[in-house]
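Subject: Structure handover

Hello,

Here is the structure we discussed. My notes follow below it.

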Amino acid sequence: MANYILQYKGSGMPDPQVVKETLHICGVSIIDASLLPRAALLDLTDEELENVRCKFEADWSLTPEKKYKVPDTKKHTKE
């Protein structure tokens, strides 16, 4: 399983109820839905990934989540 970001790229606002129902039908785990209906963070298996890609086509983007290492900004004293 991996995390993917589902993001709406079309104009206007997608119907929140339709988005929620479609994600429910696909059986995916929603990690963060705070930006629904424009975006959501999903936990997907390979099977679910293809299913979601088929349901959310033209105006939607599905990309893997990227993780970044936060740099150490502490000042170190020279000894």
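Start with Val-19: it is buried, at 2% relative accessible area (buried is under 20%, exposed over 50%, partly exposed in between; 1.4 Å probe, protein chains only). Val-19 sits in helix 1 (helices are DSSP runs of H or I, at least four residues; strands are runs of E, at least two; both are numbered from the N terminus).

A word on the source: this is a predicted model, where local features need pLDDT of at least 70 and side-chain atom pairs count only at pLDDT 80 or more, while totals for chains, interfaces and linings use all residues. Residues are numbered from 1 along each chain as its sequence is written, and side-chain values use heavy atoms, with hydrogens and water left out.

Beyond four places in sequence, Val-19 contacts Pro-14, Leu-36, Pro-37, Phe-56 and Trp-60 (contact: heavy atoms within 4.5 Å).

Next, the core. The largest nonpolar core has 16 residues (buried Ala, Val, Leu, Ile, Met, Phe, Trp, Tyr and Cys, joined through side-chain atoms within 4.5 Å). Leu-23 and Leu-44 have the most contacts inside it. Two or more residues come from each of strand 1 (2-8), helix 1 (16-26), strand 3 (39-44), helix 2 (46-55) and strand 4 (60-64). Partners of Leu-44 beyond four places in sequence include Met-1, Val-28 and Leu-62.

Last, the cysteines. The whole structure has 0 disulfides (pairs of cysteine sulfur atoms within 2.5 Å).

Best wishes
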